[in-house]
Amino acid sequence: MREGLRTARGVARSLRIYYGDRRRRTAMEALYGRFVKPGDLVFDVGSHVGDRVAAFRRLGARVIAVEPQPALARTLRLIYGRDRAVIIESVAVGRTTGTVELRLNLDNPTVSTASADFVRAAHGARGWEGQAWTKSIRVPMMTLDALIARHGRPGFIKIDVEGFEAEVLGGLTQPTAALSFEFTTIQRETALACVERCRTLGYTRFDAALGESQTLVHGSWIAPREIARWLANLPDEANSGDVYAALG
C-alpha cells in the first residue's frame with residue numbers, strides 16, 4: 001500500500017513538472033521542430049509521462065512511445081490510449097533482445113534506470129542527494145533495430161534512459177536522419193561513448209542543450225570531436241542535458 005502511494009505521488013509530481021510550464025512547451029516545440037515534420041515517425045525511448053510525446057504530436061508526428069516502467073506505461077495509456085497516432089511499447093531498449101533489471105526510484109520515477117553504473121555514479125554525487133532506487137523488476141528489452149523492423153524507420157529518435165543510452169545506441173545499426181540522447185556529468189564516459197557510437201553510425205553534425213532549457217548551446221552544427229571536447233570540459237554543475245546528432 002505504501003509503495004503504491006509513493007509511486008502515485010512520484011507520477012503526479014512528474015505530471016505537474018512536465019506538463020505545467022507553457023513556456024517550456026513552446027520552447028520544446030521550437031527545438032524539436034528543427035528535426036520533426038508533419039507525418040514523420042518518431043521513437044520516444046524513455047517516454048516517462050509523455051511530455052515529449054505531446055510535443056511530437058503537436059508537430060504532427062506519429063510516435064512510438066517506449067516506456068518500461070509499469071506505472072508510467074499505464075499513465076501513457078490513460079493520456080494517449082485513444083490517439084491512433086501513438087503506439088505504446090512497454091519495454092526497455094538496449095543492445096540485445098531479452099530482459100533486463102530495471103531499478104525503480106519510486107519517489108522520482110524520471111530517474112529509474114537499467115544501469116547499475118548510473119546508480120553507483122549518483123550515490124553521494126552533488127545534485128543527486130536523496131535519490132534512492134529501492135525496488136528492482138525485470139522487464140522485456142528490445143533493440144532499436146527490432147523496433148524499426150516492427151514499426152518502420154523513424155525520422156527522429158529521442159533517447160532518455162538515465163545512463164543506459166550507450167546500450168540503446170549499441171542496438172542500432174541503421175542510422176536515422178537525426179537523434180538525441182541524454183547525458184549527465186556524473187557519467188561523462190557514457191556520453192562520450194554515445195558520441196563515438198553516433199560517429200561510427202555516420203552522424204557528423206552535433207549540438208547540445210543543457211538541462212531542460214530546450215535551447216541549443218552552439219546554435220550551429222559542430223563535429224564529433226568538438227562535441228566530445230565540450231562534454232569533457234563541461235562543469236559538474238551543468239548536471240545534465242541532451243546531445244543532438246544529425247547525418248551530414
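Predicted model: local features only at pLDDT ≥ 70, side-chain atom pairs only at ≥ 80, totals over all residues.
You'll find His48 in the loop that runs between strand S1 (41–45) and H3. Is His48 buried or exposed? Buried: its relative accessible area is 9%, and the cut-off for buried is under 20%.

Now on to Glu162, another residue with a positive phi that isn't glycine, this one near 50 degrees. Glu162 also sits in a loop, between strand S7 (156–159) and helix H7 (165–170). Its relative accessibility is 5%, so Glu162 counts as buried too.

In the largest pocket, Glu162 is one of the lining residues nearest the centre, along with Thr110, Val111, Asp160 and Glu182. The lining has 41 residues in total, and the pocket's volume is about 690 Å³. Which elements give two or more residues to that lining? On the helix side we have H1 (2–19) and H3 (51–58), and on the strand side S4 (92–93), S8 (178–184) and S10 (240–247).

Next, the second largest pocket, with about 250 Å³ of space. Here 16 residues make up the lining, and Thr7, Ala71, Arg74, Leu104 and Leu106 are the ones nearest the centre. H1 turns up again, giving two or more residues to this lining, as do helix H4 (70–80) and strand S6 (135–142). By type, that's 8 nonpolar, 5 polar and 3 charged.

Last stop, Asp145, over in helix H6, residues 144–151. Here's a charged side chain that is buried yet has no salt bridge. How far away is the nearest side chain of opposite charge? That's Arg197, at 6.8 Å, while a salt bridge calls for a side-chain nitrogen within 4 Å of a carboxyl oxygen. What Asp145 does have is a polar contact of 3.3 Å, side chain to side chain, with Gln174.

If you've got the model open, have a look at Glu162 first, as it brings together the positive phi, the burial and a place among the residues nearest the centre of the largest pocket.

How values were computed:
Residues numbered from 1 in each chain as written. Heavy atoms only, no water. 1 Å grid on protein atoms, 1.4 Å probe; cavity = no way out; pocket = protein on both sides within 12 Å on 5 of 7 lines; lining within 4 Å. Points joined across faces, edges and corners; volume = space filled by probe spheres on them. Helix = DSSP H or I, 4+ residues; strand = E, 2+ residues; numbered from the N terminus. Nonpolar A, V, L, I, M, F, W, Y, C, P; charged D, E, K, R; others polar. Buried < 20%, exposed > 50% of the residue type's maximum accessible area, 1.4 Å probe, protein only. Lys, Arg positive; Asp, Glu negative; His and termini not counted. Polar contact = N/O pair within 3.5 Å; in protein donor to acceptor, adjacent residues only side chain to side chain.
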